[in-house]
Amino acid sequence: MLGLSLKGVSKSFGHITAVEPTDLSFPKGELTALLGPSGCGKTTLLRMIAGLEAPTRGTILLGGEDITTHPAHKRKFGMVFQSFALFPHYSVRENVAYSLVIGGMGKAAACKKANALLETVQLGGFGDRRIGELSGGQRQRVAIARALAQEPEVFLLDEPMSALDAKLREEMQVELRLLQQRLGITTIVVTHDQREAMTMADQIVVMSNGRIEQIAPPQEIYHQPANTFVADFIGKANFFDGIVVEGGVTVGDTHLTTQANFQSGSPVQIAIRPERAAMDDEGGANRVAAKVMFVRDLGPLREYHLQSDIGPMIVEYAVGETGPTLSTGDATTVRLPPEAIQVFPRAAPKSQAA
Amino acid sequence: MTVADDIPLAKPARAGKATQPFPIRRVVPGVLTTLIVVFCVAPFLLVLAISFGRKVDGAAWVWDLTFENYQRFFVGVLWPDEITLLYLQQLYYSFYFAVIASLLAVLTALPFTLLLTRLKRSTQAMWLVFILSSLAMSEVFIVMGWDILLSNNSGLPKLFRETGLTAWLKDVGWFQTLRDWGLANPRNVKFKTSDFATVLTMSYLVWPYAVILLYPALSRLDPSLAEAARTMGAGRWTVTRTVTLPSIRLPLLGTTLLLFVFLLGTYVAVTVFAAPEKHTTAVAIYSNVRGANLNAPFGATQAIMLLIAASTCLSLGHLLNRKAEGAR
């Protein structure tokens, strides 16, 4: 299905490159999350898609049509801004009906449609209120309803949850995802919150320094990160520097059995997720002696911060899992399953769990 | 009981007095009240009292309690034989010039200030310092500059004539239009005296104030509001009409009213550029108080009437704004 796609799109501000040449497709009807740390170029990319910034180079295609030079008001992609950008001088209903009224729809019909949209976002009966009378969550819903009023082909959201508190954010992530699935609209969400991206997205685009690091579904991003940046940015991981040897990797004096598709002698970095390491009595390869330095109880999770023979690491157990009961100072053995170890070419030195 | 228990404790009152802070909270309001009374209330009451005084023919004036000055302001000195509206007409021209000049200043300062807020911080600071420094020039100095620029023998009219622009205007037939507007005599364009020159100079006088008053509101304007409107299909003009202007409605109204009140008192620009029959109340007040008439009571009456008219306008503006707020 032809959706939105970018061909070699880049953006420079003077001598600073905000977005390097990017090829990217947004499948029709799916939700894509642009995920990355602050300043990685994700908002610039979104603004280029919206028509609020002109790309320095490249082409933006919608359903095969080149829309690169179309101004924002011709593209009419619904957009929810980080600050919500609701018009304070209009009521809630007038905000939602804005695109309809300026588009030439009669006032009565626009109000009727605005009321229906407010019902969709569970704000029926709030139409006459002033924007200043709404809570953060309600404002976000108004912003969503307003952006959807013009029935856009592409729905853009720039950090839509950042102004909400943690609990409301979690609720709204699920709500927004359900709404997007119901409407089946191509949606792009910019976020720096990996939980938000994992919760909502069909496809995640991880970005760093204006570059795309990986494009994949959430589970693939988590379990098969393309590089150390993705492994580090998405979830937690224990990193160790090593050298590739026959049948595995040597970290310090410890040989770890794993599959490493590198030439022997290559410097590499290995990563293992805290929940994939285990402290149990099962035999097998890759057992490392360690001492418990700190136990962090998070309710549904318990983290053991260890000092092992190969360096500091974290091992994590969820409630309900069969795990050891250890205290600070206890000695233990950590098992690193070969299939759980990911091997990357060595990048920036990392010796501690992220 | 120990010896220490017998030693009487030092009274803390003295130490307390020494450390008592200066009662600034009581002094400052007192000083402010005194300043307001001395510099605002007392002069106003004095002018009010003088407005009920009586001019003595061939002499100065005496204290009195007569309403003749107010009667003269509304129906003229010849009443009841004849009604003349000269003083009301002067008040009308005060409003006429002040309204047009304040609107012109705000309308031209608005796009400039909007552009200014989109520049780099350092460039903005440079412009603001430049605009602030232009306030150091007095009205007399500015009017003198415009007087030279618009004078028939050395200014723009001469430039028009020397460059052949006057001849060209005559050839294309636009010269007659300028004559109809009072901006040309049979030989060349002329800007003195004209409403155009008066309004232009008055606008120039208050233009820096307009920028400085609008700047805080415009620099606080969230750019994502306009961007949101654009993503919803609004073109540049629609964004300005439906988002930008309504968002800064209050600062716009406030700035216009402030400039309007300021311009009601313009004296030098009107004296130099306005035709004598279009002189304003401010010019008339000066003429009565310090000029040829030496009729301080009537000058004071005109000042009071100007003040009342300005206050009425401000109240009306406030009322309209509240009505507009209520209607939303």
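These exercises work through helix packing, the chain interface and record annotations in a predicted model.

Local features need pLDDT of at least 70, side-chain atom pairs count only at pLDDT 80 or more, and totals for chains, interfaces and linings use all residues. Residues are numbered from 1 along each chain as its sequence is written, chains are lettered from A in the order written, and side-chain values use heavy atoms, without hydrogens and water.

**Exercise 1.** Describe how H3(A) packs on H4(A).

Solution. 
- Locate the helices. H3 spans residues 92-102 of chain A, and H4 spans residues 107-120 of chain A. Helices here are DSSP runs (H or I, at least four residues), numbered from the N terminus.
- Take the geometry. The angle is about 120° and the axes are 8 Å apart. Axes are lines fitted to C-alpha atoms over the stretch in contact, and angles run from 0 to 180 degrees between N-to-C directions.
- Classify. That angle makes H3(A) oblique to H4(A). Angles under 35 degrees count as roughly parallel, over 145 as roughly antiparallel, 65 to 115 as roughly perpendicular and the rest as oblique.
- List contacts (heavy atoms within 4.5 Å). Residues of H3(A), including A:Val96 and A:Leu100, meet residues of H4(A), including A:Ala114 and A:Leu118.
- Sort by class. The contact has 10 nonpolar, 1 polar and 2 charged residues. Ala, Val, Leu, Ile, Met, Phe, Trp, Tyr, Cys and Pro count as nonpolar, Asp, Glu, Lys and Arg as charged, and the others, Gly among them, as polar.

**Exercise 2.** Are H5(A) and H6(A) roughly parallel or roughly antiparallel?

Solution. 
- Find the axes. H5 (residues 136-149) and H6 (residues 166-183) of chain A come within 11 Å and cross at roughly 20°.
- Classify. H5(A) and H6(A) are therefore roughly parallel to each other.
- Name the residues. H5(A) contributes A:Gly137, A:Gln140, A:Arg141, A:Ile144 and A:Leu148. Among those from H6(A) are A:Met172 and A:Glu175.
- Count classes. There are 7 nonpolar, 2 polar and 2 charged residues.

**Exercise 3.** How do chain A and chain B meet?

Solution. 
- Count. 22 residues of chain A contact 18 residues of chain B.
- Take the area. The chains bury about 1700 Å², 62% of it on carbon and sulfur atoms. Buried area is the accessible area (1.4 Å probe) that two parts lose on being put together, summed over both.

**Exercise 4.** What is the helix content of residues 91-317 of chain B?

Solution. 
- Check the record. UniProt (unreviewed entry) lists this span as "domain: ABC transmembrane type-1". Such annotations may be inferred rather than shown by experiment.
- Read the model. The span is 78% helix and 0% strand, with end C-alpha atoms 19 Å apart.

Definitions and conventions:
Helix = DSSP H or I, 4+ residues; strand = E, 2+ residues; numbered from the N terminus.
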